[in-house]
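Hi everyone, thanks for coming. I'd like to walk you through a couple of spots in a structure, so let me put it up on the screen.

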Amino acid sequence: MTERIRQLLDDAVAGLEPAHRDPLAAVVRRGRAARRKTAALAGIVTFALLAGGLVAGQRLIGATPQPAANGGVEQSATPRVVNGMVVAGAMQLPIPEGWKVVKASPANKCVTMARTILLIGSGNRGCQNAAVEVSRARSRNPGGTLIPPADGTSPLDSGLITPPVSITLAGGEPGWLESGLDSAEMKTGRYPELNYSNALLLPWSQVLVQLRMDGTGDRPIIESIRTSPRRSGVLTLPAKVGAVVLVLSDRQARVTAPGTVDQVLRLLRRQTDVVRDADACASPGQESIRLVVDPPDPVGASPASSGSPVSLWGTSTADATTVIIATGDGCQEAVSSTGGRVRLSAATLGQLTNLLGLGTR
């Protein structure tokens, strides 16, 4: 309980303290949560999961693919400058003309710097901020927007954390954006300059790019990024799983029954239609689905009762594996945070939602 209170306090003061401990723990918009009103829910569009006749993608390879590599980051995720580019993991971010690069340090003056890329090499970063900040991500779990429950209960108990916006970076590495660049949250003029907050997570590289500009300013930075991913293959999933959480745009469900959890894992492991990096196609125009595969509770922990509200706050976010599924005609991909990207058919997606009880309303 003490650790949960600490996490909630961290989120409450996130707008005052620049540390970015965990993208999932940052779902209540940094520094702007107090301004978000429940009335905004009226603008959320509910989507039908299988509407539009989703089709299966063509198989891209003939042989059975090998699982993606699991474990530590294959390339150093600590950002550095190499030949005029910021390099971190498999990411290369060209330094825009007229911009400067600054290494974060507690000794730096407390300012917010325009046209600056801040390289954060450790948690002791000081209090400076910049238009673009690059650091090693503390977690591979993406953020989203916290939607309060309709019944007025505590959003931390049963609020819905929306799936991130899926993008494909040049070169093929998946990226998960906290907010869409064309969303109302990122609209030019909504906030003062450099008061915006968006986060791009590269899960395979375990790199976080924090963006403090509006969507118009963020776009050229994101489009300039080049990647050389090394984690394609079938979905990498943990061997032991205690719970599975499925989050749609307006509903979520959590299952802990061993039989159902095993069925979900078997279904995911049967997906062998690997998407090659050059053929990856997830884009911001698609709806996304979040699937969290949570490890078993630690020995001695009290398991949640069957009647407990669904909440991602209850998952072991540091150890969980997240699978983000981009849905839509012609491009329906599932990406595991620890490696692997496969195409899913409409039938498979239907099986998955039915197993979690979210199939047909």
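Let's start with strand β3, where M91 is the bridge partner of A88. Before I go on, please keep in mind that this is a predicted model.

So how do β2 and β3 run relative to each other, parallel or antiparallel? They pair in the antiparallel sense, over four bridges, with β3 covering residues 91-94. The two strands form a hairpin with two residues between them. Have a look at G89 in that turn: its phi is positive, at about 60 degrees.

If you want a pair to click on, V81 has V86 as its bridge partner in β2. β1 and β2 also make a hairpin, with two residues between them. Which residue in this turn has a positive phi? That's N83, at about 50 degrees.

My second stop is N198, which sits in strand β11, residues 198-202. Is N198 buried or exposed? Its relative accessibility is 0%, so N198 counts as buried. What does its side chain do in there? A polar atom of the N198 side chain lies 2.9 Å from the backbone nitrogen of S179. Leaving aside residues up to four places away in sequence, N198 touches a whole list of residues, including L177, E178, L181 and M186. Also among them are V209, Q210, L211 and D218.

How values were computed
Residues numbered from 1 in each chain as written. Predicted model: local features only at pLDDT ≥ 70, side-chain atom pairs only at ≥ 80, totals over all residues. Heavy atoms only, no water. Buried < 20%, exposed > 50% of the residue type's maximum accessible area, 1.4 Å probe, protein only. Polar contact = N/O pair within 3.5 Å; in protein donor to acceptor, adjacent residues only side chain to side chain. Contact = heavy atoms within 4.5 Å. Pairing = 2+ DSSP bridges.
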